Amino acid sequence: MGLLLAFTFGLFSDEDPPADDTWWRVSFAVSPALALLHLLYLVLVFRYETPRGALVCLKSEEQFQKVVRKIYRPDYVEEACDLLRATATSTGKNNSGSVSLGASLCDKRYRRATINGFFIAFFFAWNGVAAIEMYSSAILHESGINHRVGTFALGIVFILGMALMLCIVDKFGRKTLLIAGHSVIVVSHVVTAIAFVYDIPWLVLASIVVWSFAFECSTGSLVFMVTAETCTDTGFSVSIFSMWTGNIITSAMTPYVMESSIGEPGLFLIFAAFTAISVVYFACLIKESKGLTPLECKQLYWTEEMKA
């Protein structure tokens, strides 16, 4: 919904706004307004510590049980409690009860999950999501497409792709969707580059729409799901760091690449190359977590000796 809201606001903004344009003030005010609503929700509605915080910092079994029941399905509550107690009391912890950064990166129980989380988030960024979202108007404008219509179409497709992903993720599995989605993204980026070379505006829009649908049906949602399922808390933070670092780099380089000699075709071929590498990485190094319990997901990359 946040993406759709952002794309909707783009409908009312001009590519070259006049000096007296004030719409930017409304767009700018939305972010702090939503942040205030979030703060009020945490203060007035969801007034709970995290499960690990309640268990380790507050040492309150009652608070711990209450928040776990708020978060997990009834049939998962008992197993979630056992998993959280186990991870809060095993070795390699910092004072908050979480696995330390050093343990997440070096301990053989957590290292592989952390590395895979890092690269899943890395490839999330380098399929071009931040660049396309931030510069979709400029990209569509360069191709001759009405940027308002094109940008709103992308927003709608994002929502449809996410809705479909929620329906199919437990049927096809995380790994399958990552590989299939990124394979489609490679093709869509190559087609976008070709469409720019031969100046085919409708094909530019069509291929970017296909990208947005494939993105949301795969890595757009799964980057958070897979890393949260398999990584420690600090390992998950490492993946988020990787994602936002990649987003900053790709969004910062995009205008320079678009104005360079390789232009838009080169930009999309760069994203296609990184995404093609990700397909091989996912196929060879990522394990499927579909149908596993929370404990089994956390131990997905453990050897039988570690589990024993």
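1. Two residues are in contact when heavy atoms of theirs lie within 4.5 Å. By that rule, and leaving aside residues up to four places away in sequence, L222 touches M165, V169, R174, L177, L178 and T227.

2. On the source: this is a predicted model, in which local features need pLDDT of at least 70 and side-chain atom pairs count only at pLDDT 80 or more, while totals for chains, interfaces and linings use all residues. Residues are numbered from 1 along each chain as its sequence is written, and side-chain values use heavy atoms, with hydrogens and water left out.

3. The protein chain has 16 helices and zero strands. Both are DSSP runs numbered from the N terminus: helices are H or I with at least four residues, strands are E with at least two. Of the contacts between residues at least 6 apart in sequence, 71% join residues at least 24 apart.

4. Of the 308 residues in the protein chain, 43% are buried. Buried means under 20% relative accessible area, exposed over 50%, and partly exposed in between (1.4 Å probe, protein chains only). The accessible surface of the chain is about 16,000 Å², and 67% of this belongs to carbon and sulfur atoms; such areas come from the Shrake-Rupley method with a 1.4 Å probe, and for residues only the protein chains shown count as cover.

5. A nonpolar core is a set of buried Ala, Val, Leu, Ile, Met, Phe, Trp, Tyr and Cys residues joined through side-chain atoms within 4.5 Å. The largest one has 46 residues, and I208, W211, F215, L222, F268 and F282 have the most contacts inside it. Elements giving it two or more residues include α7 (111-125), α10 (174-197), α12 and α14 (263-285). Another core, of 10 residues, lies apart from it and has L55, V56, F64 and C81 among its members.

6. Is T219 buried or exposed? T219 counts as buried because its relative accessibility is 0%. T219 belongs to helix α12 (residues 219-230). Not counting residues up to four places away in sequence, T219 touches I120, F124, N127, L178 and H182.

7. W244 lies in helix α13 and counts as exposed, because its relative accessibility is 51%. The C-alpha atoms of W244 and F122 are separated by 8.6 Å, with the two residues 122 apart along the chain.

8. On the cysteines: C81 is buried, at a relative accessible area of 3%, whereas C284 is exposed, at 58%. The structure holds zero disulfides, a disulfide being a pair of cysteine sulfur atoms within 2.5 Å.
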